[in-house]
Amino acid sequence: MRRSFPIAVAVGVGSIVLMTWFLPLPVLEGLRWMFLDWSVLLTGVALVMAFFYFLHTQWRLIRRRQNGWGYRILVVLTATGTFAWMMFDPTPRTASWMMTYVLIPGGVSLLGLLAVVLTYRGLWMVFQRGGGWGWLFFLTVAVVLAVDTFQATQGPLPWTSVVSGWLEGVVVRAGVRGLLLGMALGFVATGLRVLSGADRPFEE
Amino acid sequence: MFLAGLVGFAFVMLFGGLIVLARFAFHTEDLFERLRDIPLFSGLYEGLALTMEAGWPIHYALGWGSLWGEAGGSALVSLRAFQAIGQFAMRGDQPPDASSGDGLVYMLGSNVLNRLAREQYTAERWLDRMYVTGFQPWGYAAGTLAFPLARDTELALLLGHFGAEGGWMAEMAPRVFGATDDLVGQAVLYATCDEALVGEEVLAAGAYTRAGPAHGASLWAQDVMRWLLILTLFLGAPLYVVLVGGGG
């Protein structure tokens, strides 16, 4: 009973929301929005719970003097400090400051490094994995796209635009649509497993 | 509008019916035996065994996708596969580390790992090995990359929601396996990881790690639905041209 009750609730609520998504019957519409409102509220509660669970775990590791405990003290102090700051000044200005001066510069610098990693790994893939004609195709596409990007500012080389346009409009689009169709089926299967109670991340 | 909804509902019901049919019509082992070989999964268990035998640590990254958003599917599959892979990795001398960039996935992952540690009677040493290393994609990548500095991670499995930052994370260990539901991430992981999954293969991770009979059944139903979809597309395109008229 202790295990089956939350599963039954999740399956019941999930089924109603799914049904109203496809069949917007007025009788069920109100229920759907009520459940969705509850889920937004629960998401907020879950986020706060996750934060305190995180602090609790870090504190336990610090007390045990596990590997990297000094770093963990820094993490706990930073997390608590940011949380307190946001609580006392919950204006968009504070969040915007964090985004502009901490997260975005960090992300952009890592993106710059990624360009180096990808160039190196692209060449690695060509020489290590590119058996047959694959490597030739990869290199040709890379060169054509690079030339096309270059000519946009330096001068006209019309044939590269035609080739890259065809690659992006036909080959890439067809490939992406094929992948997305397959993934959509996978997402439906995953949803149905959760809905039927076969996948239970909420059980533990 | 109502007709489209009805067709969609019938599609989902048919899908669900096929899963139930496969679950009861086939033996679980038969469903798993039907799976085609995917190099990542065969290489993963071999890599895990070799790494564990050599006494090196393993890292399992669950990505930064939330259960509530579009990445919920890959997060769920990642959590399910984590149970199977974590159980296998617990047999080694070194406890596996795991990381996530989402609060809820972190809590659920912690539960999985701590339960496995208690089941193996190793709770004292291996409790709390799940970490939240950052909440933004790049913050998560940077935080997770700090692990090899402390523990010389030998093998890493990136399974969940990763974007372009996955390419950077692929540098965290000598041997890295990658799988994501993000198309940009898939392209990047294909170039940077030793083995990577493409398309919906990431959502089949539960079946390939034998996480439960429902995973094998849903994969079988997914294959049937794929063929139905292909048939519909091939028949529907000429029908559309004849009935509605083609051209721009």
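Modeller: Helices are DSSP runs of H or I with at least four residues, and strands are runs of E with at least two. The model is a predicted one.

Biologist: What makes the place of B:Arg129 a loop?

Modeller: B:Arg129 falls between α6 (123–126) and β3 (130–132) of chain B. Loop is therefore the term for its place, since helices and strands are DSSP runs and B:Arg129 lies between two of them.

Biologist: Why is B:Arg129 called buried?

Modeller: The cut-off for buried is 20 or more other C-beta atoms within 10 Å. B:Arg129 has 24 C-beta neighbours inside 10 Å, and therefore counts as buried. Beyond four places in sequence, B:Arg129 touches B:Pro95, B:Pro96, B:Asp97, B:Ala98 and B:Leu113. B:Pro95 is 34 residues away along the chain, with a C-alpha separation of 7.6 Å from B:Arg129.

Biologist: Why is B:Ala71 called buried?

Modeller: B:Ala71 has 23 other C-beta atoms within 10 Å, so the term buried applies. This residue lies in the loop between β1 (58–63) and α4 (72–89) of chain B. Its contacts, leaving aside neighbours within four places in sequence, are B:Gly65, B:Ser66, B:His161 and B:Asp181.

Biologist: How many residues does each chain bring to the contact between chain A and chain B?

Modeller: Chain A brings 44 residues and chain B 53. On the side of chain A, α6(A) gives the most, with 14 residues. That side divides into 29 nonpolar, 10 polar and 5 charged residues.

Note on methods
Residues numbered from 1 in each chain as written. Chains lettered and ligands numbered in written order. Predicted model: local features only at pLDDT ≥ 70, side-chain atom pairs only at ≥ 80, totals over all residues. Contact = placed C-beta atoms within 7 Å. Nonpolar A, V, L, I, M, F, W, Y, C, P; charged D, E, K, R; others polar. Buried ≥ 20, exposed ≤ 12 C-beta atoms within 10 Å, placed from the backbone.
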